Amino acid sequence: MATLEIRDLHVSVEDKEILRGVDLTVKAGETHAIMGPNGSGKSTLAYAIAGHPKYTVTGGEVLLDGESVLDMKVDERARAGLFLAMQYPVEVPGVSVSNFLRTAVTAVRGEAPKLREFSKEMRQAMAELQIDSAFAQRNLNEGFSGGEKKRHEILQLEMLKPKVAVLDETDSGLDIDALKVVSEGVNRFRAGDTGVLLITHYTRILRYVKPDFVHVFAAGRIVEQGGPELAELLETEGYEKFTKAGASA
């Protein structure tokens, strides 16, 4: 059973400390929602877990099934079973969605899938996400709408089948129809023996992807934890009192 453990994690960006001691454990079968205001460190947590070179881990541990991922390169983390759906996916001109996905699947699985089997798997996943088949030949993220970028992130999730998925504001920029489709994709993924760390500002995606635990981020640390009812409290009361608690800690 996959387990992601974050222990007393401290992270700096350009010598400025952003995360100030984060402790969090995500087990297979669990969905954890990270909520908090802008600048609280939510995305920093996501990128530090994934291994972005801009984010320097100055203390603590990140373990996947008891093994430190901080000693791994980015591609090694992916092969170990970590996945990051980025808030702002980058454009890659000249690389088609299909070629990108097949290359990623080959890297993660350790061998190239047979083309016919891969194509069938990709078409099925695209159909479930209501993505037109012509999408596979488009350049990666080039000219994509916000909804197309987010659907593509979930398409990657369904194709790569990681142990733990970190979803950084997957709901941003989505209209209600796209939000429902993306949420259904997340729910299909988490129906397996997997863990989800869902980062969001708002409760709207949590109406479709029900979290088991909600953690409130403020000033680079978790200042409150609870169940789904905590998200509803945030919807009505906002982050102000938690932001004050984080600043005084």
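Ser 12 stands opposite Thr 56 in strand β4, and this pair belongs to the antiparallel pairing of strand β1 with β4 (residues 56–64), which extends over seven bridges. Two strands count as paired if DSSP finds at least two bridges between them, while helices (H or I, at least four residues) and strands (E, at least two) are DSSP runs numbered from the N terminus. This is a predicted model, in which local features need pLDDT of at least 70 and side-chain atom pairs count only at pLDDT 80 or more, whereas totals for chains, interfaces and linings use all residues. Residues are numbered from 1 along each chain as its sequence is written, and side-chain values use heavy atoms, with hydrogens and water left out.

**The four-stranded sheet**

- The strands of an open sheet follow the order β2-β1-β4-β5, with antiparallel pairing; its edge strands are β2 and β5 (67–68), each of which pairs on one side only.
- Helix α1 (residues 42–50) lies across β1 and β2 and runs at about 110° to β1, where axes are lines fitted to C-alpha atoms, for helices over the stretch in contact, and angles run from 0 to 180 degrees between N-to-C directions.

- Strand β3 (residues 31–35) pairs with strand β11 (residues 213–218) in the parallel sense over four bridges, and Ile 34 stands opposite His 215 in β11.

- The 15 residues of α5 (residues 146–160) should span 21 Å at 1.5 Å a residue, and its end C-alpha atoms are 21 Å apart, which agrees; the expected span is 1.5 Å times one less than the number of residues in the helix.
- This helix is mostly covered, with 12 of its 15 residues buried, among them Gly 147, Lys 150, Arg 151 and Glu 153.
- The buried residues of α5 pack against β6 (82–85), α3 (97–109), α4 (115–128), β8 (139–140), β9 (164–168) and α6 (176–190), contact here meaning heavy atoms within 4.5 Å.
- Lys 161, which follows α5, has a positive phi near 50°.

**The packing of α3 on α5**

- The axes of α3 and α5 are 10 Å apart, and the two helices pack at an angle of about 35°.
- The contact involves Val 97, Phe 100, Leu 101, Ala 104, Val 105, Val 108 and Arg 109 of α3, together with His 152, Leu 155, Gln 156, Met 159 and Leu 160 of α5.
- By class, this contact has nine nonpolar, two polar and one charged residues, with Ala, Val, Leu, Ile, Met, Phe, Trp, Tyr, Cys and Pro counted as nonpolar, Asp, Glu, Lys and Arg as charged, and the others, Gly among them, as polar.

**A buried loop residue**

- Thr 170 is found in the loop between β9 and α6, and Thr 170 is buried, with a relative accessible area of 2%.
- Not counting residues up to four places away in sequence, Thr 170 touches Ala 85, Lys 150, Ile 154, Val 182 and Ile 199.

Terms used: Buried < 20%, exposed > 50% of the residue type's maximum accessible area, 1.4 Å probe, protein only.
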